[in-house]
Amino acid sequence: MPSELTEIQLSELGKQLEMDFQRLREEIRQELLASDNEQYIEVAGQVHDREEESVADLLVDVNLAVIDKHIRAVEDTEAALVRLKRGEYGTCPDCGGDIPYERLKAYPVAKRCQQCQTRYEQTHARSDHHTL
Ligand SMILES: [Zn+2]
């Protein structure tokens with residue numbers, strides 16, 4: 001089912017996602033540079049050059065608690081940009097319903113509608129807890 005979003009809304013959300021992506025990428029780069037770790041500083045140089053959709057892959061081996069939440073945010077943003085390109089953006093994969101524009105505007109990386117997201121979090125709350 002195609003999303004109910006208008007072209008203008010989609011383009012606005014896309015711009016927002018692009019901006020968030022650039023900002024997160026820059027924040028991660030700065031944090032890598034500040035890590036005082038040669039390997040991470042090298043990764044920082046690559047973060048700058050990378051196209052979207054591969055920054056999260058690049059950072060898989062970086063084990064810095066300080067950028068952990070930024071990496072997750074970058075992954076979410078990249079995933080949203082991919083959905084946008086595929087025309088899947090704004091459609092909830094769980095129920096097939098539309099995600100309201102108001103929700104996307106407040107939270108552009110939202111993958112599910114509010115109802116399915118709440119259910120998802122209740123179901124996955126335990127398994128999301130890493131035990132490394
Ligand atoms: Zn849903």
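Author: Let us begin with burial: a residue is called buried if 20 or more other C-beta atoms lie within 10 Å of its own. This is a predicted model, and of the 132 residues of the protein, 20% count as buried.

Reader: Which residues of α1 are buried?

Author: In α1 the buried residues are Leu13, Leu17, Phe21, Leu24, Ile28 and Leu32. As a general idea, an α-helix has 3.6 residues a turn, so residues three or four places apart point the same way.

Reader: What overall pattern does the protein follow along the sequence?

Author: Read in order, the pattern is α-α-α-α-α-α, with 6 helices and 0 strands in total.

Reader: Why does the span of α1 agree with its number of residues?

Author: The 27 residues of α1 should span 39 Å at 1.5 Å a residue, and because its end C-alpha atoms are 39 Å apart, the two agree. For α4, which has 22 residues, the reach from first C-alpha to last is 32 Å, close to the 32 Å expected.

Reader: Which residues have the most contacts inside the largest nonpolar core?

Author: That core has 20 residues, and those with the most contacts inside it are Leu17, Phe21, Ile28, Leu32, Val47 and Val74. Two or more residues each come from α1 (7–33), α2 (38–49) and α4 (65–86), and α1 gives the most, with 6 residues.

Reader: What do the buried residues of α4 pack against?

Author: They pack against α1 and α3 (55–58); the buried residues of α4 include Ile67, Val74 and Leu81, and also Asp76 and Glu78. Just after α4, Gly87 takes a positive phi of about 75°.

Definitions and conventions
Residues are numbered from 1 along each chain as its sequence is written. This is a predicted model: local features need pLDDT of at least 70, side-chain atom pairs count only at pLDDT 80 or more; totals for chains, interfaces and linings use all residues. A nonpolar core is a set of buried Ala, Val, Leu, Ile, Met, Phe, Trp, Tyr and Cys residues joined through C-beta atoms within 7 Å. A residue is buried if 20 or more other C-beta atoms lie within 10 Å of its own, exposed if 12 or fewer, and partly exposed in between; C-beta atoms are placed from the backbone. Helices (H or I, at least four residues) and strands (E, at least two) are DSSP runs, numbered from the N terminus. The expected span of a helix is 1.5 Å times one less than its number of residues. Two residues are in contact if their C-beta atoms, placed from the backbone, lie within 7 Å.
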